[in-house]
Amino acid sequence: MGERRGAVAVRAAAVVLGAGACYCLWRLAAGGRRGQRAAAGPGPRGPPSVRNSSPPASTHTMDADALQKLIHLLQATDDPLIQEQALITLSNSAAFSVNQDIIRNLDGLSVIGGMLSDCVPKVKEKALNALNNLSMNIKNQEEIQVYITQVCRIVESAPLNSDLQLAGLRLLTNMSVTSNYHHEMINSIPCFLYLLSEGTERTQIQVLKVLVNLSANPAMTRHLLRAQVPSLLLLFDNCINREILLRALAFAANLKKNVSNEDGTTIQDQYSEDSVFFILCRDSAPFAQKLASLLHHPDREVKEQVVRILMQ
């Protein structure tokens, strides 16, 4: 039964993934897991590992029939390596706007979204990557938004700084460009700030993209100001990575602007002493000292962001 199902999956893959990639899929479905992962056929079409093999260069030319077969492949197999390859191909295809609409119309978003429940981290990661490309489309975002809570849980539970966690943050970045879905991320704000404090530079940059998007929305201001992150001031330093520093300054500038626009309605008693509010707004002397030092930063954009904060 499983053998027959694998054969069907490989025949579907043969139509869309090309002879080289399908050879790898055939090896897997036929028991090729027993150690040897053969190269994807002659020529420079792909490296030897199935996990790292690239989809065909012509994925953007795939028509609706080919994309439908790929989507059916995801439904027809429970082999994680085949799922990964199919998701990689769909992800590359989804980088082109014409395919984003086709995949949505073929109900591909729900099929890919269903992969987020898979127990294999690599499958989840590839599904997140595919949804990330698909989320460049506003209509797609309307369907993808049903997975935001699940994506937030994945980000929270994934190993710190892992590719899975970063893939989730990239999708949340796209989904937070507009304020339409910010409310679905409120409960994850403590997690975002934890990642900002404990993550590597790569993680900090990605989570700051989400936080900057959220902080641009006045409706999110109090939720962000309540969060606790004692190490926040450490980010406002001349020795900090420029990409991190610029985004941290933009985050602070957005919040300071929103607080200023509240016309004194902010109730200070609702914030704890290690909250973002106390660090940036209430007990601002240490923050002011950091900003004064950053006025001497060699980067023009950094100095412009500092001036923007001081003018609030």
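This is a predicted model: local features need pLDDT of at least 70, side-chain atom pairs count only at pLDDT 80 or more; totals for chains, interfaces and linings use all residues.
Q: Before we start, what counts as a helix here, and from which end are helices numbered?
A: A helix is a DSSP run of H or I with at least four residues, and helices are numbered from the N terminus.

Q: Ok, and is Asn187 buried or exposed?
A: Asn187 has a relative accessible area of 74%, and because exposed means over 50%, Asn187 counts as exposed.

Q: How far is Asn187 from Cys152?
A: The two residues are 35 residues apart along the chain, and their C-alpha atoms are separated by 8.8 Å.

Q: Is Cys152 itself buried or exposed?
A: Cys152 is buried, since its relative accessibility is 4%, whereas Cys239 is exposed, with a relative accessible area of 66%.

Q: How many disulfides are there in the whole structure?
A: A search of the whole structure finds zero disulfides.

Q: How many residues of H9 are buried, and what does H9 pack against?
A: Eleven of the 13 residues of H9 are buried, so H9 is largely enclosed by the rest of the structure. The buried residues include Leu164, Leu171 and Met175, and the buried residues of H9 pack against helices H6, H7, H8, H10 and H11.

Q: What about H13, how many of its residues are buried?
A: In H13, 14 of the 19 residues are buried, so this helix too is largely enclosed by the rest of the structure. Helix H13 runs over residues 242-260 and reaches 27 Å from its first C-alpha to its last, close to the 27 Å expected at 1.5 Å a residue.

Q: Which residue caps the N-terminal end of H13?
A: That residue is Asn241, which has a side-chain oxygen 2.7 Å from the backbone nitrogen of Glu243.

Q: Changing topic, where is Gln150, and what is it in contact with?
A: Gln150 is found in helix H8, and leaving aside neighbours within four places in sequence, Gln150 is in contact with Leu116 and Ser117. The side chains of Gln150 and Ser117 are joined by a polar contact of 3.1 Å.

Q: And Lys139, is that one buried or exposed?
A: Lys139, which is in helix H7, counts as exposed at 52% relative accessibility.

Q: Zooming out, how many helices and strands does the protein chain have?
A: The protein chain has 16 helices and zero strands, and of its 312 residues, 51% count as buried. Among its contacts with a separation of 6 or more, 69% are between residues 24 or more positions apart.

Q: What is the mean pLDDT, and where does pLDDT stay under 50?
A: The mean pLDDT of the protein chain is 84, with 78% of its residues reaching 70 or more, but pLDDT stays under 50 over residues 18-59, for which the model has 63 contacts beyond four places in sequence.

Methods. Residues are numbered from 1 along each chain as its sequence is written. Side-chain values use heavy atoms; hydrogens and water are left out. Buried means under 20% relative accessible area, exposed over 50%, partly exposed in between (1.4 Å probe, protein chains only). Helices (H or I, at least four residues) and strands (E, at least two) are DSSP runs, numbered from the N terminus. Contact means heavy atoms within 4.5 Å. A disulfide is a pair of cysteine sulfur atoms within 2.5 Å. pLDDT is the predictor's confidence in each residue, from 0 to 100. The expected span of a helix is 1.5 Å times one less than its number of residues. A polar contact is a pair of N or O atoms within 3.5 Å; within protein, one must be able to donate a hydrogen and the other to accept it, and residues adjacent in sequence count only if both atoms are side-chain atoms.
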